[in-house]
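Here are a few friendly notes to read alongside the model. Please keep the structure open as you go through the points.

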Amino acid sequence: MTQIHCTIKVGAWNVRTMFEPSKTIQVTREINRYKLDILGISETRWTANAKSKTSDGTVILHSGHKDKHIHGVVLMISKK
């Protein structure tokens with residue numbers, strides 16, 4: 001039997017807000033810079049719940065308040 005070792009790099013950040021569209025691009029750059037596979041982000045201030053994908057293939061799962069731009073969390077998962 002062959003054993004395969006896999007390393008997954010996980011990060012957690014409190015960004016205070018990702019309400020501005022440019023913030024997603026900035027955080028995606030940081031994920032690549034730190035070579036993270038999964039990043040949990042709090043205080044994003046996005047509304048509702050959704051799944052999306054960036055142009056580089058990073059998957060974004062988010063959950064926030066139904067109507068107000070308060071609270072909110074995001075999981076960003078690299079295309080790897």
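1. Trp13 is partly exposed, at 27% relative accessible area (buried means under 20%, exposed over 50%, partly exposed in between; 1.4 Å probe, protein chains only). Tyr34 is also partly exposed, with a value of 42%.

2. A word on the basis: this is a predicted model, where local features need pLDDT of at least 70, side-chain atom pairs count only at pLDDT 80 or more, and totals for chains, interfaces and linings use all residues. Residues are numbered from 1 along each chain as its sequence is written, and side-chain values use heavy atoms, leaving out hydrogens and water.

3. How many aromatic pairs are there? The count comes to one (ring centres of Phe, Tyr and Trp, the last by its six-membered ring, within 6.5 Å; planes under 30 degrees apart are stacked, over 60 edge-to-face, the rest tilted). Trp13 and Tyr34 form this pair, edge-to-face, with 6.3 Å centre to centre and 75° between the planes. The pair links distant parts of the chain, from Trp13 in strand S1 (residues 10-14) to Tyr34 in helix H1 (residues 21-34), 21 residues apart.

4. On overall dimensions, the C-alpha atoms fill a box of roughly 55 × 25 × 20 Å along the principal axes. Of the 80 residues in the protein chain, 29% are buried.

Definitions and conventions:
Helix = DSSP H or I, 4+ residues; strand = E, 2+ residues; numbered from the N terminus.
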